[in-house]
Amino acid sequence: MAEIKKLAATVRSGTGKGAARSVRREGRIPGVIYGGGEAPTPLSLDKKELTKLIYAGHFLTTIFELDIDGKPERVIPRDYQLDVVKDFPLHVDFLRLKAGSRLRVDVPVHFVNHDAAPGIKRGGSLNIVFHAIEMWVPADNIPDAITADLTGLDFNDSLQISAFTLPANCKPTNPDKNFTVASIAPPVITAEEIAAAAAAAAAPVKGKGGKAAPAAKAAPAAKAPEKKK
């Protein structure tokens, strides 16, 4: 289950672009909480703390307990915007989490046991189709990740979702019940490598001293027997 983190916030007055710019001028980040059958609540959050949380990773799959002016509210981030030049947060959206609710999130896939995959050991490469799986999960039990075991996979072998042990009450949104998550691709031989191999095969074999070995001499032709006079 994803760790529940705490984050302080305050209710901000006003909505719209003008109010958001005013919050940013104060060195804070505007945000909003929606869902749960309640009206949206505009927020103001600490810029430094929010930036650190976003760049720590797994932000959109982490449950937060917001302390909103002393009132706790359990939420999960649903979206955020970054400045296209300076990469600092501009806005963040949170979804209220109510007991018993379910939500759709992208759950990361962690690949393990690369050394136990014969195809990779023999020069093949891991072809990842899905780095994360979109799933319906319980709001109070969001998994950090699911694990893909590569043990025994050889060239052209595939790893389907059916091979995974999924967390309880978690279900992929993909309608294909056995979609491929990853596969092992054999080594790719380039045209240059083929040409180099052909040239090496056609090159003369060198003898001692680095000189090309002399060509074998043909055996002398047998002489015809002389006629007796």
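Me: Which side chain makes a polar contact with the side chain of His91, and what makes the pair a polar contact?

Reply: It is the side chain of Asp93, at 3.1 Å. A polar contact is a pair of N or O atoms within 3.5 Å; within protein, one must be able to donate a hydrogen and the other to accept it, and residues adjacent in sequence count only if both atoms are side-chain atoms. The 3.1 Å between His91 and Asp93 is within 3.5 Å, so the pair is called a polar contact. Bear in mind that this is a predicted model, where local features need pLDDT of at least 70, side-chain atom pairs count only at pLDDT 80 or more, and totals for chains, interfaces and linings use all residues. Residues are numbered from 1 along each chain as its sequence is written, and side-chain values use heavy atoms, leaving out hydrogens and water.

Me: Why is His91 called buried?

Reply: Buried means under 20% relative accessible area, exposed over 50%, and partly exposed in between (1.4 Å probe, protein chains only). His91 has a relative accessible area of 18%, so the word buried applies. Phe94 counts as buried too, because its relative accessibility is 0%. Over the protein, buried residues make up 31% of the 229 residues.

Me: Where do His91 and Phe94 sit?

Reply: His91 is in strand E6, residues 89-96, and Phe94 also lies in strand E6. Strands (E, at least two residues) and helices (H or I, at least four) are DSSP runs, numbered from the N terminus. The protein has 13 strands and 4 helices.

Me: What does Phe94 touch?

Reply: Contact means heavy atoms within 4.5 Å. Leaving out residues up to four places away in sequence, the partners of Phe94 include Leu7, Val32, Leu43, Phe64 and Val75. For His91, with neighbours within four places set aside, they include Arg12, Arg24, Asp79 and Gln81. Gln81 is 10 residues from His91 in sequence, and their C-alpha atoms are 5.3 Å apart.

Me: What joins the side chains of Thr41 and Arg96?

Reply: A polar contact of 2.9 Å joins them. Thr41 lies in strand E3, residues 38-46.

Me: How do you know that strands E7 and E10 pair?

Reply: Two strands pair if DSSP finds at least two bridges between them. Strand E7 (residues 102-112) and E10 have 4 bridges, in the parallel sense, so they qualify as a pair. Phe111 stands opposite Ala148 in E10. The open sheet of 4 strands has the order E10-E7-E9-E12, with mixed pairing. Its edge strands, E10 (146-149) and E12 (171-172), each pair on one side only.

Me: How many bridges join strand E11 to E13?

Reply: There are 3, and the strands run antiparallel. Ser158 has Ser183 as its bridge partner in E13.

Me: What makes a space in the model a cavity, and which residues line the largest cavity?

Reply: On a 1 Å grid over the protein atoms alone, a cavity is a set of points where a 1.4 Å probe fits but cannot get out; lining residues have an atom within 4 Å of a point. The lining consists of Lys5, Leu53, Ala56, Gly57, His58, Phe59, Thr62 and Phe64. The volume of the largest cavity is about 30 Å³.

Key:
On a 1 Å grid over the protein atoms alone, a cavity is a set of points where a 1.4 Å probe fits but cannot get out, and a pocket is an open set with protein on both sides within 12 Å along at least five of seven lines; lining residues have an atom within 4 Å of a point. Grid points are joined across faces, edges and corners, and a volume is the space filled by probe spheres set on the points.
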